[in-house]
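Colleague: I would like to go through the annotated sites and the ligand surroundings with you. Could you bring up the model?

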Amino acid sequence: MSALFGNYGKRRAQIIKGRGTVVEDTAGKKYLDFTSGIAVVSLGHAHPAIVKAIQEQSERLWHISNLFDIPGQEKVAQKLIADTHFSYAFFCNSGAEANEAAIKLARKHTGKHHIISFEKSFHGRTFGAMSATGQGKVHNGFGPLVGKFTILPFNDVNALEAAIDDSVAAIMLEMIQGEGGVNSVSAEFAAALAKICEEKGILLIVDEVQTGIGRTGTRYAFEQTILKPHIVTLAKGLGGGFPIGGMLGTAELYDTFGPGTHGTTFGGNPLAMSVAETVLDHVFDSAFLQNVQELSAYFVNQLKVNLPSTYTVQGKGLLLGIGCGTAEVAPYIAAAEEKGLLLVGAGPNVIRLLPPLTVTKEEIDEAITILKTILP
Ligand SMILES: *Cc1c(COP(=O)(O)O)cnc(C)c1O
């Protein structure tokens, strides 16, 4: 009998160690990890530079609290905002917390509480983030939700235009809906968002918890659009496996978050910052990002060449999806696991491919071989 709540539907493999893209279970069976712990372990498992950062920082100081200056926060913030339109960063422990900070900041800054978000979005499980999430299965049984979120169809310019009035504080969305099916924001929708936010003085919050930190081939996914969000939220890939969240904001938002307005005990502690700094030193390197784009192009091409044309290939960078029409993907994912390839779904009908950003072409080839055998 397990002593744990049953809130997770557990997979069969019991993974106990990993290195790079390869993980191993209790029986010594090896798997290619094309989940990266859900877009988290971006430098692969047990990356030596991260191991070293944790070892060294843990011997120096791992926690002191935000009562004191934490020099690592300044360093990581500088790296995150360098050559962007952002001026400030805030650190927390998870994606949901980053979105809570964003929602609070948007409410306080505008003095309004109406936020628009989208169907099939995922923003986290806390009350604010859950209320922003456009998926009934995330809400069920937990109401009443936090007001006021209006959830609109994604990529629907008409619905967006019709929903805008003076009560709207912010619009919140993912550039690629990760959990919801690997759905990219369309160029037309991005243009409408930019125009509406500019004209109406509405804040744009881009949730890059999954798409950020190199996952889509650029530092942030919004950089591949015309959008310049006021707020971006980060988490998953930023810690390379260490729990961390972050929020970036533009200069005009500075005064809204004055001393005592918002905070966290653990957020941005020295150990987390030493890991994030190491991740950024690797990922925010143009050659590294270039390589992610090349791996992506290779992977997409191999998928298109090797899979029947009934499957669609979606997403960007190394946040890719195989659309399986109306077929449920859970049995395919279980079959892949049997054959040594770990995958995760995105909604019921899409297989999500999230290898570490350090994956090799050979590993992609191996994954393709397995995918060919398990997909009908
Ligand atoms: C995973 C995810 C979250 C929630 O992050 P947690 O760290 O699980 O709270 C929020 N937004 C997006 C886009 C995500 O993919």
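Colleague: Which residues does Thr264 touch, not counting residues up to four places away in sequence?

Modeller: Please keep in mind that this is a predicted model. Thr264 touches Asn66, Phe90, Phe91, Cys92, Asn93 and Glu97, with residues up to four places away in sequence not counted.

Colleague: Where does Thr264 lie?

Modeller: Thr264 lies in the loop between strand 12 (245-249) and helix 9 (270-283).

Colleague: Is Thr264 buried or exposed?

Modeller: Thr264 has a relative accessibility of 18%, so it counts as buried, the cut-off being under 20%.

Colleague: Which residues does the UniProt "binding site" annotation with Thr264 cover?

Modeller: That annotation, from an unreviewed entry, covers Arg125 and Thr264. From this set, Thr264 is part of the lining of the second largest pocket.

Colleague: And where is Arg125 found?

Modeller: Arg125 is found in the loop between strand 5 (114-118) and helix 5 (127-132). Its relative accessible area is 58%, and because exposed means over 50%, Arg125 is classed as exposed. Leaving aside neighbours within four places in sequence, Arg125 is in contact with Ala96, Met130 and Val138.

Colleague: Let us turn to the ligand. Which residues are around the ligand?

Modeller: The residues around the ligand are Ser94, Gly95, Ala96, Asn99, Phe122, His123, Gly124, Glu174, Asp207, Val209, Gln210 and Lys236. Helix 4 (residues 95-110) gives the most to this shell, with three residues.

Colleague: Which polar atom of Asp207 lies 2.7 Å from the ligand, side-chain or backbone?

Modeller: A polar side-chain atom of Asp207 lies 2.7 Å from a nitrogen atom of the ligand. For Phe122, a polar backbone atom is 3.1 Å from a nitrogen atom of the ligand. For Gly95, a backbone N or O atom lies 2.8 Å from an oxygen atom of the ligand.

Colleague: How much of the ligand's accessible area does the protein cover?

Modeller: The ligand has 380 Å² of accessible area on its own, and the protein covers 81% of that.

Colleague: Which other residues does UniProt list for "binding site"?

Modeller: For "binding site", the unreviewed UniProt entry also lists Gly95, Ala96, Phe122, Asp207, Glu208, Val209, Gln210 and Thr265. These residues are spread over 171 residues of sequence and are also spread in space, up to 25.1 Å between C-alpha atoms.

Colleague: One last topic: which residue does UniProt list as "modified residue: N6-(pyridoxal phosphate)lysine"?

Modeller: The unreviewed UniProt entry lists Lys236 under that name. Lys236 has its place in the loop between strand 11 (231-234) and strand 12. With residues up to four places away in sequence not counted, Lys236 touches Ile38, Ala39, Val40, Glu179, Val209 and Gln210. Lys236 is also one of the residues around the ligand.

Key
Residues numbered from 1 in each chain as written. Predicted model: local features only at pLDDT ≥ 70, side-chain atom pairs only at ≥ 80, totals over all residues. Heavy atoms only, no water. UniProt positions renumbered as here; feature names shortened; annotations may be inferred. 1 Å grid on protein atoms, 1.4 Å probe; cavity = no way out; pocket = protein on both sides within 12 Å on 5 of 7 lines; lining within 4 Å. Helix = DSSP H or I, 4+ residues; strand = E, 2+ residues; numbered from the N terminus. Buried < 20%, exposed > 50% of the residue type's maximum accessible area, 1.4 Å probe, protein only. Contact = heavy atoms within 4.5 Å. Near = heavy atom within 4 Å. Polar contact = N/O pair within 3.5 Å; in protein donor to acceptor, adjacent residues only side chain to side chain. Areas by Shrake-Rupley, 256 points an atom, 1.4 Å probe, with all protein chains shown as cover.
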